[in-house]
Amino acid sequence: MAVYARGYRPYEGSFGGRSPVMAIFGQGFRNAIRTRSFKILGVLVLIFYVIFTIQMYVMLNIEEVVSEGFSRFANRNEPFDFATYTTRYLKQALMGFYGFVATVGALISMLAGAGIVADDLRTRALPLYLVRPIRPIEYVLGKALVLPAVLAIVLLSPGLTFYLFAGLWQPDGTTNEWLGNNVDILGNVIHSYLVASFGFTGLMLFLSARTPRRGTVMAIAAAVYFGGAMMAGLGSELRGVAQQALKHVSLIVNSVSAHVMAEAETDRWRNEAQMERFREEAPSPTIGMVVAIAVLLIGAYAVYRRARSTEVSE
Amino acid sequence: MAIVEIRGLTKAYGRRPPALRDVTLEIHEGVTGLLGPNGAGKSTLIQCVLGLLPDFQGDAKVLGLDARRDRREIRRRVGFMPEFDAYLPETTGIKAVRFLGQLTGMPYNHALRRAHEVLFHVGLGEAVYRDVREYSTGMRQRFKLAQALVHDPELLFLDEPLAGLDPKGREELLKLIRRLADRHGKHIIWSSHILPEVQKVADSITVLKEGRSEGTYRLEEFAPRDGVYSIAFDGESPDFRAALDAQDIRVLATDGGESGDAWTVALDPELGSAPIFQLAGEHGVRLRRVKPVSESLEDVFMRILGGHAPSAQSAVSEESHHFETGEDA
């Protein structure tokens, strides 16, 4: 293999390229969506999405089904119309959809995100980054954007399209009115996505910055995800401080809490007392968001510490 | 001009003894060997001047830039080739070098073109689309050099750049690095434990010992070894060799190359080099170089570590000197 088969030439271009944050993010995102686990689980979500879309079409567009749905969703003593029916159906559908897809999102974050920093530690790429004109915080930001972008594909885009479909399938001329009156559904979709992406990202950043071993990261992440869900279930059965603490420890349950709460309000069989008790037992969307942000900050700090303390030579 | 100026640099990690203690040194243009035993503080020094450890005492300037205040600019103008195996996960050579170019601020297309150029330059032209994980040890060394060169830095830090290379690969990379300095004006700081390699390519050496600077020395100032000469010549050598033996001129080492033979010979110091010229003339051998051999870098290095620095090496002269290129006879 000949050396200097081509002579060395000085670089005469500019140094005005895009931010290193975007370069690191782009590299991480491409690596994440190229993983087999993302492709397999992504197809699973896609299948689930198509089924839900077809079901939603049937529920909102086939007259016989709509009539039957009216009887299921309408309270006895309230005026009821197609717009209200759509709202209640959509809230239930979103709860069902995200009840499953949030778990898939956690799995995707676990499999695609395990190497997010760990791979750089294992291959010792981190010093190659840090001898460039970038700050540790830019490395952290670039890495922290990867999983939210990946999760936007599976957790955010389906909810947004369901909301739009529901608006488009309203009677002529009422689409904008329905969309405007149901912004809270859009808010729930975004809330759910943010809680999931903050929480999942924070956990994976934290674990991935602690060890170069992907397997260890995945094993601990699985324990946190599924152990947390079990603890949250146990917490719901308790009372007092233990209940309040434990019911918020699951990142997966927290991520669907906005949909759970919205769905609960559509249930015509639940009276105010039952609703009050439900609120006691279910995790609060607000506290769920606070927990997710806290986990994200802890994870980001762990990566920052790692980037600050990485030796360039040994 | 000094490319690295350090004044009273002290760096400690927590409560441990300082890794660097009041280091004052200047590294000048050309190729400088950064030498010292393990734990001498070479890595810490590199990190300080790269701006990765800004919390040190004292002053450090690289290419005239303050190592604390101008860290980003320094890193844009400096390339670093680590000793340890380092590559980007799950990516090809071309993508990895392009990406690292982008991190230096190069636009995507420029970084891609530049990545092709430097990978070809270091001899990885046929492997640019292979996953870096599949590279051999020697190829990874070349990859690390390519990523250090991608942004066309003025100053290169090379940490054991020849580790893991076979003799031919070492020779090729030595020539390449020397050319980067001679023809393209790159300043190179070469950290290594393999002293003969440093001696082949360096203009000067900087020695660290137990966190202190033991000075910077020019190789040209090393004391000549009495009666030992490096000769290079064209022509038939068997008769010449026999004639040398007959005159009690010992051939200590031989090295053949495309441009002729090169030997290291020893004779009575009082005779000087005259017998070599005489015998060459008698046997039709055309001498291209006859040069007194200085003491080896290893000798000097061991003496410095032993506390007896060579007397002739007090300060670094400003004028540039190129160590033995084979063109000076």
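Helices here are DSSP runs of H or I with at least four residues, numbered from the N terminus. I note at the start that this is a predicted model.

Entry 1, helix H1 of chain B. I looked up what comes after H1(B) and found Gly51(B), whose phi is positive, near 80 degrees. Next I checked how the helix itself sits. Buried means under 20% relative accessible area. Eight of the eight residues of H1(B), residues 42-49, are buried, so the helix is largely enclosed by the rest of the structure. I listed the buried residues as Lys42(B), Ser43(B), Thr44(B), Leu45(B), Ile46(B), Gln47(B), Cys48(B) and Val49(B).

The domain assignment gives domain 1 as 2-220 and domain 2 as 224-294. I looked up the distance between the centres of these two domains, taken over C-alpha atoms, and it is 37 Å.

I found Gln27(A) in helix H1 of chain A, which covers residues 20-33. Is Gln27(A) buried or exposed? Its relative accessibility is 7%, so I put it down as buried. Leaving out residues up to four places away in sequence, Gln27(A) touches Leu88(B), Thr91(B), Arg98(B) and Phe99(B). I also checked Pro127(A), 100 residues from Gln27(A) along the chain; the two C-alpha atoms are separated by 16 Å.

I located Ile54(A) in helix H2 of chain A, residues 36-61. Its relative accessible area is 51%, and because exposed means over 50%, Ile54(A) counts as exposed.

Key. Residues are numbered from 1 along each chain as its sequence is written. Chains are lettered from A and ligands numbered from 1 in the order in which they are written. This is a predicted model: local features need pLDDT of at least 70, side-chain atom pairs count only at pLDDT 80 or more; totals for chains, interfaces and linings use all residues. Side-chain values use heavy atoms; hydrogens and water are left out. Buried means under 20% relative accessible area, exposed over 50%, partly exposed in between (1.4 Å probe, protein chains only). Helices (H or I, at least four residues) and strands (E, at least two) are DSSP runs, numbered from the N terminus. Domain bounds come from an automatic or database domain assignment. Contact means heavy atoms within 4.5 Å.
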